[in-house]
Each structure stands twice: as structure tokens, then as C-alpha cells.
Amino acid sequence: MTKPPRKPSKPLLRDDAPIRSRPRRRRDPAQPNLPLDPMPDRIEPCLALLKRKPPKGDDWVYEIKWDGYRLAVHIEPTGIRILTRGGHDWTDRFPTIKLAAMWLPVGTAILDGEAVVLDEQGRPDFGLLQQSLGGRGGKKMSSDAIFMAFDLLYFDGHDLRKSELDVRRHLLEDLVMPASGQGDIRLSEEIEADGEQLLASACEHGLEGIIAKRRDAPYRSGRLGDWLKIKCIQSDSFVIVGYERSTVARAGIGRLLLAARKGKKLVYVGGVGTGFNERNAYELREKLDGLITSTPAAVVDRKGAIFVKPKLIAEIEYRAWTDDGKLRHASYKGLRDAADEVVVYELG
């Protein structure tokens with residue numbers, strides 16, 4: 001039987017004396033730190049290194065490569081913060097992800113993952129994600145985006161970055177529902193399979209590719225080779241340095257002229273004339289016309305080319321490179337947002 005609380009020997013409130021707390025003492029520098037780790041304000045993400053083939057061996061585990069915006073979801077005592085790869089606060093742009101984070105059964109956490117919009121077949125579609133946010137530079141809130149969580153970096157007062165991937169994943173799987181669920185935060189599930197067979201299956205289902213991760217690796221910021229990406233179709237970011245007009249194409253854009261980086265210079269790598277739809281073609285033409293210049297940013301030997309300032313970065317799918325360093329079978333996917341800190345393709 002529970003004992004009743006003791007009555008205080010003296011009343012807590014007295015008319016003759018106000019209540020005061022003890023004066024705060026300075027912390028003794030020799031005193032050991034508390035066992036809980038301070039919560040990082042921001043963590044630079046671990047980035048995947050591009051490889052042509054999946055690695056072999058039991059040291060690696062695989063996931064689907066999600067085609068979206070890399071985000072970190074911070075669950076903090078004061079509320080939720082959603083940060084882009086470059087550290088921009090996009091909390092207000094993903095209200096459904098924010099609400100879902102508030103309901104996770106955890107006091108403090110940092111989740112690493114990708115915001116995506118799924119098409120009717122359940123595949124991530126980068127174009128749909130951009131549209132839901134109002135296009136490049138748009139300020140709309142996306143209620144269609146969901147967050148695919150693939151790592152847990154901080155959990156209830158403990159910094160997990162030095163822990164092995166298997167340990168971090170074990171905690172994450174207890175926190176987030178599987179990808180087959182209906183929530184706005186879902187688990188990007190690990191797949192036990194042969195890497196080459198999984199890649200073939202991903203390509204067959206129209207996915208972008210797969211990610212391979214070392215089981216025993218800690219979480220290290222940067223592109224250090226602990227994570228690898230293997231794509232079905234190559235997809236990279238290129239600078240738009242001009243375009244060619246057309247009398248029959250949508251918005252009058254016949255072909256975008258693209259460049260890659262080589263040191264501090266931009267080098268022309270060919271063009272792209274497919275992948276536009278009516279909506280993004282007119283939005284793109286409006287942006288291009290506002291950047292027209294007489295000074296080309298790269299050497300382009302194309303008659304009738306209209307040059308633009310190198311401000312826009314396009315995501316381009318392509319099959320291969322020609323012998324003279326041009327893109328083969330290129331297709332336009334969309335403009336990348338500067339807030340995503342996208343890396344322009346660099347020639348070797």
C-alpha cells in the first residue's frame with residue numbers, strides 16, 4: 001500500500017518571508033562531464049561515392065537509392081528542425097514530416113534521410129518533389145513529401161556517430177515504421193541480397209539505383225567510401241551555359257547547352273533536348289531569358305547559340321560519354337536548388 005506523502009514541517013509559503021533559491025554556483029572545471037552527449041546543432045552528412053559496380057562480400061549491406069532531397073530531422077527539446085544538406089532550415093516547407101517527427105517515441109534524436117514524393121507505382125520521382133515545393137527557388141510547402149529515414153545519428157542524449165552502422169540501424173528500426181507503412185516518416189529498409197542481382201532488379205523496376213554501406217563503419221561526414229552509390233542510369237548535375245531556340249519545341253527551347261567543371265573552368269559537354277514537359281519548359285525559358293549574356297561561360301562551337309550566365313544547374317540523366325567528351329542519350333530531369341548544395345560534375 002502506498003504511503004501518504006509526509007506533511008512538510010514548515011509551510012512552503014509564508015507571509016513573512018519570500019521564497020528564494022540558492023545562489024547559482026559556477027561549475028568546477030575539474031568536475032567530470034555528465035554521461036549524456038551534447039546534441040549537435042548540425043551534422044555534415046555522410047555522402048555516397050559513385051561506383052560502377054556493387055561491392056562484394058558480407059561487409060556490405062544494401063538499400064534502395066532514393067531520388068529526392070537529403071534532409072536531417074532534428075527532434076529537440078524545443079521542437080522540430082528540418083535541415084537540408086547545406087544546412088538551410090526547411091522545417092516550414094515539410095509540415096507533414098514535421099508533424100510525424102513530433103509523434104515519434106523519442107525525446108531527442110537526429111534522423112538522416114531523404115525527402116521524396118512517390119509516383120503511382122510507389123517509386124520516388126524527383127520532378128514531382130520539385131513541383132510540390134513550387135519548382136526551383138519556390139517557397140511552397142510540400143504535403144506530398146515523405147521522409148525515408150536511413151540512419152540515426154543522435155538518440156535520447158547519446159551521440160551515435162562512433163557506433164557501427166548495425167548498432168545505429170537497430171535503434172532506428174525500433175523507432176520508425178517500415179517503408180511499406182503509410183506514415184510520413186518511414187524506414188529505408190536494408191536488403192540482404194547479392195549486390196549485382198539487387199541492382200538489376202532495381203533497374204528493372206525503374207529505380208535510380210542502390211546504395212551499399214559498410215556494416216561496421218561509424219558515421220563519418222564527407223565522401224570517404226563508407227557508403228557507395230551504384231546507378232542504373234547515370235545522373236549528374238551540369239551547369240547550363242546556353243540554349244538553342246526551336247520553332248516546334250515547347251517554350252521554344254530546342255536544346256540546353258551544358259558544361260562540367262574542370263578545375264576553375266567550365267568545359268562544354270554537349271546538350272540535352274529531351275525530358276521537358278510543358279510546365280517545366282516554360283518555367284525554364286523564363287529563367288533563361290533573364291540570364292542572357294553576350295559572354296559565354298564555356299567555349300561552345302554551336303551556331304545560333306544563346307548564352308546565359310552560369311547560374312542554373314540541371315540534373316541530367318545519360319547513358320555514357322562519347323570519345324570526344326560529350327554526353328550520350330542525355331535527358332533533362334529538372335533544375336537543382338542551390339539550397340541542396342549540389343555538386344557540379346567535375347571532369348577528371
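Colleague: What's the strand order in the open sheet of four strands?
Modeller: In this predicted model, the order is β1-β11-β10-β2, and the pairing is mixed.

Colleague: Which strands stand at the edges?
Modeller: Those are β1, residues 49–50, and β2, residues 60–64; each has a single partner strand, so one side of each is left without a neighbour in the sheet.

Colleague: How many bridges join β1 to β11, then?
Modeller: Two bridges do, with β1 and β11 (residues 227–231) running parallel, and within that pairing L50 stands opposite K229 of β11.

Colleague: Switching to α4, which strands does that helix lie across?
Modeller: Helix α4, residues 195–204, lies across β2, β10 (209–214) and β11, and the helix runs at about 150 degrees to β10.

Colleague: And which of its residues are buried?
Modeller: G195, L198, L199 and A202 are buried in α4. Seen down the helix axis, the buried residues of α4 fall within an arc of 100 degrees, so they line one face of the helix. What covers them includes β2, β10 and β11, while Q197 and E204, on the other side of α4, are exposed.

Colleague: What caps the N-terminal end of α4?
Modeller: D194 does, through a side-chain oxygen that lies 3.2 Å from the backbone nitrogen of E196.

Colleague: Which residue just after α4 takes a positive phi?
Modeller: That is G206, whose phi is about 80 degrees.

Conventions: Residues numbered from 1 in each chain as written. Predicted model: local features only at pLDDT ≥ 70, side-chain atom pairs only at ≥ 80, totals over all residues. Heavy atoms only, no water. Pairing = 2+ DSSP bridges. Contact = heavy atoms within 4.5 Å. Axes fitted to C-alpha atoms, helices over the stretch in contact; angles between N-to-C directions. Buried < 20%, exposed > 50% of the residue type's maximum accessible area, 1.4 Å probe, protein only. Arc of directions from axis to C-beta. Polar contact = N/O pair within 3.5 Å; in protein donor to acceptor, adjacent residues only side chain to side chain.
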